[in-house]
2 protein chains.
Amino acid sequence: MKLFMFMSNAKDMNLLEHTLLNIQSINTDSGREAGKRFKEFAIPQGSLGRLEELATFYASVRGIPGREIRHKVVFVMAGDHGVAEEGVSSFPQEVTCQMVKNFLSGGAAINVLAHHAGARVVVVDCGVAGPVESAIVHGATAGLKIKKIGHGTGNIAHGPAMTRKEAIKALEVGIETLEEELERGDVELVATGDMGIANTTPSTAILVSITGVGVEEVVGRGTGIGSDGLARKAEVVKRAIEVNRPDPQDPLDVLAKTGGYEIGAIAGLCLGASRHRLPVLLDGFISTAGALLACALEPKVRGYLMASHLSAERGHALMLQKLGLKPILDLDMRLGEGTGAVLAMPLVEASVKLLLEMATFSQAGVSRADGRGGS
Amino acid sequence: MKLFMFMSNAKDMNLLEHTLLNIQSINTDSGREAGKRFKEFAIPQGSLGRLEELATFYASVRGIPGREIRHKVVFVMAGDHGVAEEGVSSFPQEVTCQMVKNFLSGGAAINVLAHHAGARVVVVDCGVAGPVESAIVHGATAGLKIKKIGHGTGNIAHGPAMTRKEAIKALEVGIETLEEELERGDVELVATGDMGIANTTPSTAILVSITGVGVEEVVGRGTGIGSDGLARKAEVVKRAIEVNRPDPQDPLDVLAKTGGYEIGAIAGLCLGASRHRLPVLLDGFISTAGALLACALEPKVRGYLMASHLSAERGHALMLQKLGLKPILDLDMRLGEGTGAVLAMPLVEASVKLLLEMATFSQAGVSRADGRGGS
């Protein structure tokens, strides 16, 4: 069984193994039932377009909902990257830690947008290089969980990002974080987010490793590097793959050799959410790299995922295509943090409300297209 | 002066004339000021993509806002069309009146979505053929205004939709409705909506009349007609233009000869909102036909308009292109009612909240990309 291929240590694998074994396929019957309801509503058939698709998706994951979506959480996974020292980002590494503090004091875009969407923000330090803890005293507005796997990954241009054991740990951080939230109360919609200076570089390496696409076809400008930086970044991704030779058939190997702590945690979040039958709104490029790993570990995960938006980061469209996901929004964003994911939340909620609240042709006394009368 | 070209009757023209004379250009200085603020926020420059553009737009229309958007209204303009007798829609004409009643009892998609967005629904009977008044006794959840210009327009395949005087009245219904809402209280964001069986046919005729595009290039399936219906619809639009010969240089002539009461009212709403410096979220194909007329009457109106979504109706993309508008959403919707417009409201609101609430690099103590330190 594929699952056991990467079990180097049975004790460490416990949570991951348990999670993978308990992921079930989505329930397409509930989805079909939702689709039938839309056919009864007093509208031209199919005229709600992708809203019908979103409601149908939600029903496939959760069953026909009994009420509107209320409990939404965005998980912002943070981590640092040794590869930052190669000059692949326009920001210095210290910004990861500074931004985590900004999340905790409520001044970042994700705070504003999550509050607007009515979503809780949970920030997880998966491996920030700096001392994130020092921020807690300032009176945090967002929950912080410290689950450091290391103080930044290794530089993938010279060796692996982390050990295989740490890669398992990163996945488990994602699962664990979700399960802690579930113990705390209801969660009905999960959004992913990331913070990590230089993390488009490992995300690109993951995309290249798993799909075999050429580096030049997908490498992008991240936070805004110039042409020189872009050429350097492409070289770094190529070197990371040459030096580490990640096995495309072994997602844990790809994560360990060319990934990042927060990317692993996002993958884990996707696994955990699938295991608990929760829908996941993926943010942009980094989140989708995490989703690629999660789906490689367990293809059933795919059914639990929605793509919130198409990022302006160059390789994102291909990533989504590989997963067969069509983004809900296309707003030329490339910020990460989970900003695209929480922006799409009201659309998913709206679709569920339509499913729950609309009048049918017969209830509304509206004549049908084919001439059958209303009530 | 162009304005007086269509003033056949000075007394009747009063409200329209007054409105047109008082429409001023948007304030690009405020827009630039908003853009500057975004450059100070602790994010990679431009990474919020079109959210920055939306906030900048809002500031250009309203000045830099002092607080978040609170008062939102969607105006659903309803009217019937004589051309329905040509078999250009898959629904019978009675559905317009039935749907207005559905709006008033709260069971339609626009009710669900407007409530979700926190927007008031104002339904205006601009010229429904049936007795809409009878719905009021049922205890309406949405406001209804009866401003009937006629009981359905004339069949444009045989003659004009309405007189020039009625066309002016239709525009004034839109202006008047907005001004009544303003007397009632604050309005900070206006959305347009429509209901009218067969109204993609006059909307197509308006598009063809104003832009000169070929009928076959833009005619679409509306609520879902088949191939025979589509061919018939194309013939009807061609005949409407041959029979009526609308003057493309005279928007009032186009409205009178090939338009509709609710389309005129939507155009009037765009004029009124511009005159009162209010931003307008356009819904789909019918609303954008109204906007085409409004911009032809007064090009400054264009600055007050946003396109909420790209409709699945075939000619919509071209309409938006002619107006230079880029849709916010693309969800394959084609329902009308204002559904796309209210769906985009949370995105506009989110953009304004970002402008008002985000921390700058220096406030957040975040290092800049170019190495200048934070606080």
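A salt bridge is a side-chain nitrogen of Lys or Arg within 4 Å of a carboxyl oxygen of Asp or Glu. The legends below refer to a predicted model.

**Figure 1. Salt bridge between A:R164 and A:D250.** The closest N and O atoms of A:R164 and A:D250 are 3.0 Å apart, and the two residues form a salt bridge. The pair links distant parts of the chain, 86 residues apart: A:R164 belongs to helix α6 of chain A, whereas A:D250 sits in the loop between α9 (227–244) and α10 (251–258). The two partners also fall into separate accessibility classes. A:R164 is partly exposed, with a relative accessible area of 24%; A:D250 is buried, with a value of 11%.

**Figure 2. Salt bridge between A:R67 and A:D186.** The side chains of A:R67 and A:D186 meet in a salt bridge with an N to O distance of 3.6 Å. A:R67 lies in the loop between α3 (50–62) and β1 (72–79) of chain A, and A:D186 in the loop between α6 (164–184) and β4 (189–195), so the pair ties together parts that are 119 residues apart in sequence. A:R67 has a relative accessible area of 31% and is partly exposed. A:D186 is likewise partly exposed, at 48%.

Figure 3. A salt bridge joins the side chains of A:K169 and A:E176, with 3.9 Å from N to O. This distance meets the criterion because the cut-off is 4 Å. A:K169 counts as partly exposed at 35% relative accessibility, and A:E176 counts as partly exposed at 25%. Both residues belong to a network of salt bridges that also links A:K145, A:K147 and A:E180. Over all chains, the structure holds 40 salt bridges.

**Figure 4. Surroundings of A:P65.** A:P65 is located in the loop between α3 and β1 of chain A. Its relative accessibility is 11%, and A:P65 therefore counts as buried, the limit being 20%. Apart from residues up to four places away in sequence, A:P65 touches A:Y58, A:V352, A:L355 and A:L356. A:V128 lies 63 residues from A:P65 along the chain, and the C-alpha atoms of these two residues are separated by 38 Å.

**Figure 5. Surroundings of B:T258.** B:T258 is placed in helix α10 of chain B, which comprises residues 251–258. With a relative accessible area of 0%, B:T258 is buried. When neighbours within four places in sequence are left aside, the contacts of B:T258 are B:I156, B:P202, B:A205, B:I206, B:S209, B:A240, B:N244 and B:P246.

**Figure 6. Interface of chain A and chain B.** The contact takes 49 residues from chain A and 49 residues from chain B. Together the two chains bury about 4,300 Å², of which 67% is on carbon and sulfur atoms. On the side of chain A, the residues that lose the most area to chain B are A:V112, A:H116 and A:L331, together accounting for 13% of what that side buries. Across this interface the rule finds 0 salt bridges.

**Figure 7. Rotation axis relating chain A and chain B.** Two copies of a chain are related by a rotation about an axis and a shift along it. The same surface serves both copies, as 100% of the contact residues of chain A recur in chain B.

**Figure 8. Fold of chain A as context for the close-up views.** Chain A contains 15 helices and 6 strands. Its radius of gyration is 21 Å, close to the 21 Å that the globule rule gives for 375 residues, so chain A is as compact as a globular protein of that length. Along the principal axes, the C-alpha atoms of chain A fill a box of roughly 70 × 50 × 45 Å. Of the 375 residues of chain A, 65% count as buried. Among contacts in chain A with a separation of 6 or more, 76% involve residues 24 or more positions apart. Chain A exposes about 12,700 Å², with carbon and sulfur atoms supplying 48% of this area.

Note on methods. Residues are numbered from 1 along each chain as its sequence is written. Chains are lettered from A and ligands numbered from 1 in the order in which they are written. This is a predicted model: local features need pLDDT of at least 70, side-chain atom pairs count only at pLDDT 80 or more; totals for chains, interfaces and linings use all residues. Side-chain values use heavy atoms; hydrogens and water are left out. Helices (H or I, at least four residues) and strands (E, at least two) are DSSP runs, numbered from the N terminus. Buried means under 20% relative accessible area, exposed over 50%, partly exposed in between (1.4 Å probe, protein chains only). Contact means heavy atoms within 4.5 Å. The radius of gyration is taken over C-alpha atoms; the globule rule is 2.2 Å times the number of residues to the power 0.38. Accessible areas come from the Shrake-Rupley method with a 1.4 Å probe; for residues, only the protein chains shown count as cover. Buried area is the accessible area (1.4 Å probe) that two parts lose on being put together, summed over both.
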